[in-house]
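Keep the viewer open as you read.

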Amino acid sequence: GGRRRDILLAAGLLRARLVIITFDDRKRVEAMLVLIRALAGELKVLVRTRDDSFLEQYKQAGAFEVIPESQEGALMLVSHLLLNCDIPLGRVIRRMEHERSSQYRFLHGFYWGDQSASNLEADQLLERLHPLLLHDQAWAVGREVRELPLDEVRIKEVQRGDQSLEPRPELVLVAGDRLILFGTVVAMEQAEQRLLEGH
C-alpha cells in the first residue's frame, strides 16, 4: 500500500491529466483505482481489460473509462468487414467513434455475455437523440429544413455556435450547424447519409 502510494506520487500522479491501467488483475486494479481516487480525486483513469466482465465494478471504483481488448478487437473486425463491403471510410470511422463514445453499447453482450440478438434488434428500434455536425461539403448545407429527406427522423433543434435554433421549415442550414436528430438507429443512419452525401 505505502510503497505503491510513494511510487505513484514519484511518477507524478498529481501532475498527470490521465492515467491508464493496463495490468489485468481485478484486485490490484480496484486497489489502484481506490488509491488514485484518494490521492487525486479528479484524475481520469482508463482501465484496459481483457473483456468486460468487471466493467461495472471498475466504473464504481472510479474508472473513467474501461476499454476491453476483446471489444476493441471486435470493433476493428467489424470496421474491416464494412470497408470490404464498400461502405465509405468516413461512415465506418463515424460508426467506430459512435461505438467508442457510447461505451461499446452495440458490442456489449453481442459477442460476450447474455444479450441476445433479439435484444439488439429491440435496441435498434428504440428512438434516441443523435447529434450530426454538418461539414463544409455536406449536402444539406444551404438548404431549408423543409427540403431535407428525413423520413421518420425529426430534428429536435439546430445548434449554431452557442445558439439553439428551432428547426422551422424555412431555416437555411449552414456549415458548422449541429443537428440534434431524433429517431431509431437505422432511420438515423439513413438520414445522416442523405444529409451529408445527398443519397
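Reading from the N terminus, the elements of the protein chain follow the order α-β-α-β-α-β-α-α-α-β-β-β-β-α. That gives seven helices and seven strands in what is a predicted model. Of the 199 residues in the protein chain, 37% are buried. If you take contacts between residues at least 6 apart in sequence, 63% of them join residues at least 24 apart. The accessible surface is about 12100 Å², with 53% of it belonging to carbon and sulfur atoms.

Now turn to the open sheet, where four strands line up as β4-β7-β5-β6 with antiparallel pairing. Its edges are β4 (127-133) and β6 (163-165); each has a single partner strand, so one side of each lacks a neighbour in the sheet. From one strand to the next, the twist averages 25 degrees. For β4, the antiparallel pairing with β7 (residues 178-184) runs over seven bridges. You can pick out one of the contributors by finding H130, whose bridge partner in β7 is L181.

Helix α7 packs on this sheet, touching β4 and β7, and its direction makes about 145 degrees with that of β7. The helix covers residues 185-197, and its 13 residues reach 18 Å from first C-alpha to last, close to the 18 Å expected at 1.5 Å a residue. Which residues of α7 are buried? They are V185, A187, M188, A191, E192, Q193, R194, L195 and L196. After α7 comes G198, which has a positive phi near 85 degrees.

Key
Residues numbered from 1 in each chain as written. Predicted model: local features only at pLDDT ≥ 70, side-chain atom pairs only at ≥ 80, totals over all residues. Heavy atoms only, no water. Helix = DSSP H or I, 4+ residues; strand = E, 2+ residues; numbered from the N terminus. Expected span 1.5 Å × (residues − 1). Buried < 20%, exposed > 50% of the residue type's maximum accessible area, 1.4 Å probe, protein only. Contact = heavy atoms within 4.5 Å. Areas by Shrake-Rupley, 256 points an atom, 1.4 Å probe, with all protein chains shown as cover. Pairing = 2+ DSSP bridges. Axes fitted to C-alpha atoms, helices over the stretch in contact; angles between N-to-C directions.
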